[in-house]
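Take a look at the structure below. Where does the ligand sit, and what surrounds it?

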Amino acid sequence: MTKHLKIGIVCYPTYGGSGVVATELGIALADKGNEVHFISYDQPFRLDLYSENIYFHQVNVPDYPLFEYTPYELNLTSKLVDVALHEKLNILHVHYAIPHASAAVNAKQILATYGIHIPIVTTLHGTDITLLGKDKSFKPVIEYAINQSDAVTAVSEDLKEETLLNFKIKGEIKVIPNFIDISLYKQECNQLLRDKFAKKEEAILVHISNFRKVKRVQDVVKIFEKVNKQVPSKLLMIGDGPERLKAEQLCRKLGIAKNVRFLGKLKVIEKFLCIADVFVLPSETESFGLVALEAMASRVAVISTNSGGLPEVNIDGKTGYLSDVGDVNKMANDTIDLLKDADKLNQFKNNALAHAKTFDLPNILPQYEQIYQELSCEMNK
Ligand code: GMT
């Protein structure tokens, strides 16, 4: 019989895949009777419910005039020690290598001085390896944090390969793909909502991201401009971030602003995904592309690049199409091809939903539970 555990989860609270995965994982673990303690500098944005098994511990970063740069990692380390000690955690599961895994490794060493031994599970999400990991100033810390973790998981085969290529990793990296709870997604189009954005004969394209450079949001606009010339259509841009202004300016320059709506950081994206025909994700790199999976769970075809782990999620010629990074002509032509062929689009949408179902929560959650149980048994030996 599996034992209920007290699990500490450290994640970024912001709009982004790693925080979403960590939050959904914590909620699912709490539903199964575990006690889950989220530790972050703010309430994770998808953690907007009450459950008697869920706790949130905020990491406060006091303003101290001596510090030109506030050492958040130290406040996080102290908080991890405090929560682990007082809540008697069995496991610490940290999402993202820095500063979360490195803070957890320090906390583990401090806890050992109190005679407390707590295993650390580190989940690598992508940019911690593909962007920060390539920065020499972070590399030794990331490598150390990974090697000192008791279990390491990566969200795709590609991310595992990238990690092994870029770091000297001593132990095993287990691939546990991202997941969705398919029951939360609506596959039926909400016609009333759809009518607010587009006419019946118009197609709807959607992009969702944190509008960082790596997402290439200007490519989304360029693709849409080409599509819009051939197929009556609207583009919904969901999320916000540093590249939004440039994307808005490009819409104005290309004369398509009236067909593009920037909707900001919406919490309930399922509501909007089900009104879409095609989801566009032209990222420079994407270790997995959780948002593409969320679109597929809403029965939406995906036009994406072939970078990173995206080919593990979006199956070329089946659930959507893949292209080289920056090949906006191909991505636009593939979109037009789909939108002009209703039967093909319908088939791709069905394929997308079927493939998304393989990433449903009940298929993935036991893989994390197995790691926790094995580590907690080892600690109790
Ligand atoms: O994509 C982002 O900018 C956010 C980032 C994050 O850490 O939240 O997402 C990464 O983790 C997600 C969850 O595992 C993956 O689905 C995304 O593909 C990955 N982003 C990148 O690799 C760029």
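**The ligand site**

The model is predicted. Its ligand sits in the largest pocket. A shell of 18 residues surrounds the ligand. Ser-18, His-125, Arg-212, Lys-215 and Glu-286 are the closest of them. By type, the shell holds eleven polar residues, four nonpolar ones and three charged ones.

Which atoms of Arg-212, Ser-287 and Phe-288 lie by oxygen atoms of the ligand? The table lists one contact for each residue.

| Residue | Atom on the protein side | Distance to an oxygen atom of the ligand |
|---|---|---|
| Arg-212 | polar side-chain atom | 2.4 Å |
| Ser-287 | backbone N or O atom | 2.8 Å |
| Phe-288 | polar backbone atom | 3.1 Å |

On its own, the ligand has 480 Å² of accessible area, and the protein covers 96% of that.

**The cavity**

How many cavities of 30 Å³ or more does a search of the whole structure find? It finds one. The largest cavity holds about 70 Å³ of space.

Its lining includes Val-20, Val-21, Glu-24 and Arg-46. Phe-179, Ile-180, Asp-181, Leu-184 and Tyr-185 also line the largest cavity. Leu-290 and Glu-294 belong to the lining too.

Terms used:
Residues numbered from 1 in each chain as written. Predicted model: local features only at pLDDT ≥ 70, side-chain atom pairs only at ≥ 80, totals over all residues. Heavy atoms only, no water. Near = heavy atom within 4 Å. Polar contact = N/O pair within 3.5 Å; in protein donor to acceptor, adjacent residues only side chain to side chain. Areas by Shrake-Rupley, 256 points an atom, 1.4 Å probe, with all protein chains shown as cover. 1 Å grid on protein atoms, 1.4 Å probe; cavity = no way out; pocket = protein on both sides within 12 Å on 5 of 7 lines; lining within 4 Å. Sits in = over half its atoms within 2 Å of the grid points. Nonpolar A, V, L, I, M, F, W, Y, C, P; charged D, E, K, R; others polar. Points joined across faces, edges and corners; volume = space filled by probe spheres on them.
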